[in-house]
Protein chains: 4
Amino acid sequence: MLRFSTAGESHGESLVAMVSGMPAGVPVDLEFVNRELWRRQKGYGRGGRMRIERDTAHVLSGVRHGKTIGSPIAMTLANNDWKNWTEILPVEEGDPEKHKAVASPRPGHADLAGALKYDFKDARYVLERASARESAARVASGAFAKLLLKELGVGVASHVIRVGKAELSRPATWDEIVALQAKDEVLLNCVDPESEAAMKAEVDAVLRTGDTIGGVFEVVVHGLPPGVGTHTNWDERMDGLLAQAVMSLQAVKAVEIGRGVTAAESLGSTVHDSIGYEGEGGFTKFSREQNNAGGIEGGISNGEDIVVRGYLKPISTLRRPLGSVSFETREPVKAAYERSDVCVVPAAGVAAEAMVALAVARLVIEKFGGDSLRELQRNFNGYCEQIRAY
Amino acid sequence: MLRFSTAGESHGESLVAMVSGMPAGVPVDLEFVNRELWRRQKGYGRGGRMRIERDTAHVLSGVRHGKTIGSPIAMTLANNDWKNWTEILPVEEGDPEKHKAVASPRPGHADLAGALKYDFKDARYVLERASARESAARVASGAFAKLLLKELGVGVASHVIRVGKAELSRPATWDEIVALQAKDEVLLNCVDPESEAAMKAEVDAVLRTGDTIGGVFEVVVHGLPPGVGTHTNWDERMDGLLAQAVMSLQAVKAVEIGRGVTAAESLGSTVHDSIGYEGEGGFTKFSREQNNAGGIEGGISNGEDIVVRGYLKPISTLRRPLGSVSFETREPVKAAYERSDVCVVPAAGVAAEAMVALAVARLVIEKFGGDSLRELQRNFNGYCEQIRAY
Amino acid sequence: MLRFSTAGESHGESLVAMVSGMPAGVPVDLEFVNRELWRRQKGYGRGGRMRIERDTAHVLSGVRHGKTIGSPIAMTLANNDWKNWTEILPVEEGDPEKHKAVASPRPGHADLAGALKYDFKDARYVLERASARESAARVASGAFAKLLLKELGVGVASHVIRVGKAELSRPATWDEIVALQAKDEVLLNCVDPESEAAMKAEVDAVLRTGDTIGGVFEVVVHGLPPGVGTHTNWDERMDGLLAQAVMSLQAVKAVEIGRGVTAAESLGSTVHDSIGYEGEGGFTKFSREQNNAGGIEGGISNGEDIVVRGYLKPISTLRRPLGSVSFETREPVKAAYERSDVCVVPAAGVAAEAMVALAVARLVIEKFGGDSLRELQRNFNGYCEQIRAY
Amino acid sequence: MLRFSTAGESHGESLVAMVSGMPAGVPVDLEFVNRELWRRQKGYGRGGRMRIERDTAHVLSGVRHGKTIGSPIAMTLANNDWKNWTEILPVEEGDPEKHKAVASPRPGHADLAGALKYDFKDARYVLERASARESAARVASGAFAKLLLKELGVGVASHVIRVGKAELSRPATWDEIVALQAKDEVLLNCVDPESEAAMKAEVDAVLRTGDTIGGVFEVVVHGLPPGVGTHTNWDERMDGLLAQAVMSLQAVKAVEIGRGVTAAESLGSTVHDSIGYEGEGGFTKFSREQNNAGGIEGGISNGEDIVVRGYLKPISTLRRPLGSVSFETREPVKAAYERSDVCVVPAAGVAAEAMVALAVARLVIEKFGGDSLRELQRNFNGYCEQIRAY
């Protein structure tokens with residue numbers, strides 16, 4: 001089974017990512033992995049930290065001679081700022097005087113709930129783990145899932161469809177979305193320049209006012225055959241697994257599959273995707289003229305593009321802080337401020353690509369089995385032939 | 001660990017629900033369990049089948065002398081219509097002539113993807129398991145989770161906030177929402193009579209036209225202390241687990257926590273819930289004046305009401321069927337029609353209550369431990385004292 | 001993923017077994033399932049209850065027209081004695097007077113530890129679930145795993161190699177072991193009549209003295225290709241999974257793979273199975289002249305027969321009871337006595353076959369994937385060709 | 001939930017261990033962790049590599065200011081020999097000429113089965129992960145479990161009871177076993193000097209002949225209250241979990257709980273541990289005069305010492321190698337030889353302590369809950385009072 005986990009504090013020595021269950025023999029392009037990490041760090045509206053960091057995955061295991069070997073893949077992502085934190089946040093007891101408490105909980109963060117839960121006097125330890133910096137380790141893990149899926153012809157990409165009130169004004173094609181990944185500069189990761197300009201204006205506005213802003217990203221999985229995921233058990237449905245994967249990302253507060261939000265106010269006759277039989281070149285000849293279902297029916301992929309949207313709340317850390325309470329005095333204070341971003345929708349989209357890729361790769365491995373890439377591909381191709389002849 | 005699973009085909013002899021990991025000593029009110037099942041069957045816009053069925057949970061194990069005994073709870077929910085299906089859908093080989101194929105896949109259902117995946121010649125076996133009838137077994141399981149949570153003072157309830165284009169026009173209080181459960185007649189499970197009338201008009205419209213309609217339900221968890229769920233691992237966050245739980249329900253295509261959808265277009269200064277210290281009578285004195293976060297920050301409950309919304313697409317089975325293709329001839333046909341509903345938003349809300357209760361109860365049991373209700377309550381109370389004194 | 005769970009109290013209305021993750025299209029021979037249940041009930045040394053019961057699996061779901069359909073399989077195994085227990089052990093509150101307490105904990109059983117853990121005043125509820133009767137539900141589940149494995153040419157069988165001090169005096173062949181399953185009368189499930197007579201004498205001795213006796217059974221998996229299970233993660237190794245599966249059976253206190261117990265006192269040069277290249281007709285040409293490893297090296301099947309032994313302690317319930325203490329008075333008493341067996345080694349072997357079959361089938365499904373039997377077989381055959389050409 | 005995983009190849013840059021689910025606030029003594037690693041490296045009969053290595057856990061996360069913080073703990077264990085392997089085993093493609101193939105599979109190892117499974121041309125990648133070096137990462141993980149258990153008064157220790165044919169000649173007390181951990185020199189980790197001398201003679205014999213030897217270790221858990229683990233679900237029983245934990249260790253081929261092996265040939269009247277009521281100073285007044293059950297009845301701890309034995313086959317790598325076959329020519333050759341040990345029973349005992357500690361800590365956390373050590377201890381103490389008053 002494909003499993004992954006992460007460890008690491010935001011200002012600790014490094015993040016750690018572990019991925020197990022990858023078949024052996026998958027070619028590993030480390031530049032691609034690092035490019036993914038770079039993509040997560042970019043976007044208009046990022047704060048100062050993104051200038052300090054330049055994330056790189058240092059692979060410790062599971063890859064040899066440029067290929068996976070079936071063993072767990074472990075990576076570290078060093079924190080370039082660690083030298084400034086060794087006395088503040090040492091593993092050893094250290095000097096209590098050097099401790100840098102987060103003296104008041106920041107609304108929108110795990111600070112207060114976490115301090116109560118874990119019985120901490122301040123929110124430092126909570127912040128360190130709850131920080132979205134952790135998503136870098138997810139991106140590194142997801143890069144491996146993408147490398148695997150690529151070998152089966154399955155692609156995963158994201159784009160931004162809203163920042164604040166500025167929305168993408170037209171549908172995007174797969175080719176447009178995937179082309180965004182090649183760009184040397186990430187602005188707001190939007191396929192349409194005019195819409196992107198409007199999005200940028202939204203960010204500029206909050207930069208001026210010390211506020212923050214959220215938005216909506218869309219992740220698309222292209223080239224996945226019908227039949228991945230299952231309707232038979234609630235906890236093996238692809239829709240539920242994708243919802244968990246994306247909702248578990250920092251700041252995501254809603255997840256939508258296909259046209260899920262608007263479907264709730266539409267008529268059945270317009271929502272559902274009628275079935276035809278003209279699908280030349282597809283996995284089967286069964287065809288659709290629209291994809292409101294976002295590629296999933298009954299918890300199973302149906303052969304159309306998988307479309308998942310994440311709704312991102314505005315960044316919780318504001319330069320103009322919100323009202324809070326001092327942990328020590330219990331008097332009203334402004335919430336603590338740690339250097340932060342004002343808009344991270346493109347980056348969240350990159351992290352969501354990783355989560356979606358991991359969830360889909362897990363289901364692909366479950367369906368097709370195989371301990372080597374060769375075995376997986378043989379099984380995959382056998383199934384594709386089976387359904388083509390259906 | 002609290003685990004649950006379901007089995008059973010829609011027209012099979014019975015559904016089966018299994019719940020394990022419940023502490024011993026929880027009083028079991030079977031009338032309550034059956035009342036929950038009744039609630040799932042009701043609502044304006046249900047089809048003929050709801051008149052045939054009157055679901056009852058028959059407990060086979062795990063409950064003795066009116067209390068849980070720590071052992072797995074197994075229940076069957078008999079299908080009253082089974083007598084008409086014994087020859088159509090026998091466990092044994094039976095007479096192939098009596099088989100009742102679903103000759104064309106219905107758009108919006110698992111039919112086509114499932115038939116390809118499992119290599120079935122028609123969609124009968126897929127339909128039987130993918131049907132929302134399965135959610136009755138979830139409701140029976142969830143009733144046990146609710147019985148447990150009740151002993152800790154935690155309540156779970158739902159209401160409908162949209163049907164088609166008709167929306168609830170005002171906020172609802174917890175007391176209003178919970179009062180809906182006591183009503184003898186379920187219309188659209190809306191706290192506001194005028195809004196409900198508008199919702200009913202939406203249903204009446206589709207009843208006339210042979211169309212179907214969806215909507216939005218909201219599940220609220222009341223009385224849960226801060227500190228349930230965790231930010232430390234992506235797959236243990238409460239937000240992700242709730243998203244999976246609700247998205248895994250039939251016809252749910254989007255899940256929102258708190259004001260997740262509108263937060264994506266709002267400013268950080270208005271979205272986040274400032275922290276005060278006036279919370280007399282609460283779990284702690286920390287207080288909030290609004291709850292846009294829906295009671296979850298950083299994947300952890302923060303002591304406010306947990307608020308989860310599910311967006312339901314319109315029922316996929318239309319009396320005026322959508323375009324499809326014959327499995328046999330591959331010619332265009334109208335999709336198969338099996339007796340169905342036109343609006344199920346209230347029922348989906350009841351099923352979502354069950355899923356939310358199960359997810360929350362699982363996290364509660366993980367946090368507080370305890371093999372008997374007495375032990376669980378002692379641990380729970382100890383923690384409540386700890387955070388009160390924080 | 002293949003998962004299974006059981007529910008049910010020993011004297012409750014029925015046991016329940018649930019198996020999910022079976023591919024679709026596997027032919028289901030219900031007589032075979034019931035034959036397996038019959039085998040578990042037989043053997044020399046069984047008590048009176050085995051004469052009351054005649055276990056039959058009543059399939060409620062997951063099988064239609066004689067084949068699996070990919071959905072969870074649920075079964076009930078009715079308790080024929082339930083009519084005598086409805087007032088003693090009702091689901092509802094019932095009449096406390098009718099309760100039949102287990103007034104003193106029986107050494108060797110979960111009675112005391114369970115009563116303390118779950119905060120019960122007596123051991124009734126513990127006994128009801130901890131009873132080895134539960135293993136009937138495992139046998140029914142395992143029968144499905146066997147049906148699946150059979151389609152891939154993999155067989156699972158057991159035999160008894162020791163009862164008390166009487167040991168099987170010679171090696172057994174696969175054909176001999178598998179032939180035992182066809183016998184109409186189960187004595188001690190031993191391949192050698194003379195050894196079996198000695199075993200019977202051991203049972204006769206304890207029958208006379210009111211004592212009980214244990215022994216050792218051996219489960220063999222035949223026809224499994226090399227490469228099932230993995231060395232890469234501790235919790236995915238086949239040896240660990242088999243050890244858990246068998247040790248979790250009631251009364252099993254040691255598990256051995258291959259010649260594990262004697263290997264610990266032998267020299268490396270005699271223990272390890274040298275590798276040759278004469279294996280005509282096998283999965284590969286690599287060959288072995290002995291199988292001390294029990295078919296598993298490094299947590300992976302190596303193509304030889306998988307051999308797992310379970311060491312069974314004597315039945316804990318003695319007709320001549322052991323010393324115990326009254327729950328009520330805390331005075332010394334003789335342990336409670338519920339009708340029981342004196343020797344169950346053959347039955348435990350049958351239950352262990354089920355557990356081993358379930359564990360192996362899980363790993364097989366993980367390695368080969370496939371949602372239909374056709375897909376699984378295609379993948380399986382593809383791999384067999386791959387290693388034949390290695 | 002307490003979870004742990006490891007990564008890393010034997011000759012890679014470093015091993016990685018990850019432990020999640022530890023409560024916050026547990027004091028972390030890094031010297032203790034490293035001492036545990038030292039203990040795993042010691043013992044009479046170890047090879048040259050143990051002289052190169054001096055394992056140290058480098059903690060990257062989850063511990064701050066000398067205490068756990070509730071977040072996942074990640075550690076690396078650097079391989080001091082890595083500098084000699086960077087060209088042989090690079091992560092990147094590297095120079096194929098530098099590759100150091102394992103040209104023939106070694107009997108007793110995963111080599112052949114792993115190469116077939118993962119479609120490798122030789123056994124290098126299999127050996128690298130299947131090597132018992134991986135158990136160092138388990139020991140580092142287990143050290144954290146021990147630190148947690150220590151705070152609850154629960155100790156875990158091991159000793160050697162057999163090497164080859166030399167057996168410990170008398171019972172060992174808990175104090176004797178635990179005292180072994182403090183010794184500055186590990187010989188064969190036996191509590192009795194005379195027995196240890198006999199064990200040493202066994203090792204000396206195989207050192208002379210180029211052979212290898214195994215043995216039996218015993219792990220004891222002391223101070224665990226009754227009621228940990230459960231009889232209610234097969235996969236939550238403590239006996240099964242311990243069996244998996246220990247059997248998953250490299251070279252373990254049998255696992256025994258209490259007197260499991262000899263119980264199988266003994267009478268019930270002598271095997272089972274009668275219950276008295278004299279237990280002053282214990283968790284309850286219920287008492288036992290013997291502990292053949294090894295502290296587990298019905299899958300639940302019963303308050304006596306947990307006793308688990310592992311049977312270790314002789315090391316599979318012999319200086320005088322076994323017969324094998326060349327991967328390339330398929331001609332008979334002697335098996336490949338990599339520098340190795342001749343006896344590792346004490347070290348395997350240390351690794352088994354770690355596995356047992358992790359399994360027990362997981363069940364303890366499940367039963368008692370708690371996110372901070374303070375909360376866990378309060379819950380634990382509350383339960384201890386409950387059962388004392390039973």
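Which residue of chain B forms a salt bridge with A:Arg162? In this predicted model, the partner is B:Glu265, with the closest N and O atoms 2.7 Å apart. A salt bridge here is a side-chain nitrogen of Lys or Arg within 4 Å of a carboxyl oxygen of Asp or Glu, and the rule finds 4 of them across the interface of chain A and chain B. The side of chain A that touches chain B divides into 50 nonpolar, 33 polar and 23 charged residues.

The contact (heavy atoms within 4.5 Å) takes 106 residues from chain A and 106 residues from chain B. Because 100% of the interface residues of chain A are also interface residues in chain B, the copies meet through the same surface. About 8,200 Å² is buried between the two chains, 61% of it from carbon and sulfur atoms; this is the accessible area (1.4 Å probe) lost on putting the parts together, summed over both.

Residues are numbered from 1 along each chain as its sequence is written, and chains are lettered from A in the order in which they are written. Local features need pLDDT of at least 70, side-chain atom pairs count only at pLDDT 80 or more, totals for chains, interfaces and linings use all residues, and side-chain values use heavy atoms, without hydrogens and water.

Key. Ala, Val, Leu, Ile, Met, Phe, Trp, Tyr, Cys and Pro count as nonpolar, Asp, Glu, Lys and Arg as charged, and the others, Gly among them, as polar.
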